[in-house]
Amino acid sequence: MKFEPGIWHTIVWEIQGDEMLACVDDKEIAMAKVDGMTLVRSRLQLVSSGELAWFDEIKVWKAEADPKWAKKKAALQESLKK
């Protein structure tokens, strides 16, 4: 996804088990699954592909899994096919 200079965006990145969901401005969605991925993390790394990037109000937290995730995931996957 290309970001225009001077425009701020809200990005949410969620990880549960070996699945990830990223959402930009509540519009663009990407889903991925990485077999064997572990949730043990010692750092957060933000890569901007060699270009300058500004980050503001970064928040990292651990949350409980949503018991309705399987149903939401199926709906998201269906909407991405369209």
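pLDDT is the predictor's confidence in each residue, on a scale from 0 to 100. The structure described here is a predicted model, in which local features need a pLDDT of at least 70 and side-chain atom pairs count only at pLDDT 80 or more, while totals for chains, interfaces and linings use all residues. Residues are numbered from 1 along each chain as its sequence is written, and side-chain values use heavy atoms, with hydrogens and water left out. The mean pLDDT of the protein is 81, and 96% of its residues reach 70 or more. Helices (DSSP runs of H or I, at least four residues) and strands (runs of E, at least two) are numbered from the N terminus; on this basis confidence is lowest in helix 1, with a mean of 81, and highest in strand 2, at 85.

The secondary structure comprises 1 helix and 3 strands, which follow the pattern β-β-β-α along the sequence. The C-alpha atoms fill a box of roughly 35 × 35 × 20 Å along the principal axes. Where contact denotes heavy atoms within 4.5 Å, 27% of the contacts between residues at least 6 apart in sequence join residues at least 24 apart. Accessible areas were computed by the Shrake-Rupley method with a 1.4 Å probe, and for residues only the protein chains shown count as cover; the protein exposes about 7,900 Å², of which carbon and sulfur atoms supply 55%. When residues are classed as buried (under 20% relative accessible area), exposed (over 50%) or partly exposed (in between), with a 1.4 Å probe and protein chains only, 10% of the 82 residues count as buried.

Glu 19, in strand 2 (residues 19–24), is one of the buried residues, with a relative accessible area of 18%. Leaving aside neighbours within four places in sequence, Glu 19 is in contact with Glu 14, Ala 32, Lys 33, Met 37, Trp 69 and Lys 73. With Trp 69 there is a side-chain to side-chain polar contact at 3.2 Å, a polar contact being a pair of N or O atoms within 3.5 Å of which, within protein, one must be able to donate a hydrogen and the other to accept it, and for which residues adjacent in sequence count only if both atoms are side-chain atoms.

Side chains of opposite charge can pair when their charged atoms come close. With a salt bridge taken as a side-chain nitrogen of Lys or Arg within 4 Å of a carboxyl oxygen of Asp or Glu, the count comes to 3 salt bridges. In one of them, the side chains of Glu 19 and Lys 73 meet at 2.4 Å, N to O; because Glu 19 lies in strand 2 and Lys 73 in helix 1, the pair ties together parts that are 54 residues apart in sequence. Lys 73 is partly exposed, at 21% relative accessible area. Asp 18 forms a salt bridge with Lys 33, the closest N and O atoms being 3.8 Å apart. This pair links distant parts of the chain, 15 residues apart, with Asp 18 in the loop between strand 1 (11–16) and strand 2 and Lys 33 in strand 3. Asp 18 is partly exposed, at 22%, whereas Lys 33 counts as exposed, at 54%. Lys 72 pairs with Asp 66, with a closest N and O separation of 2.6 Å.
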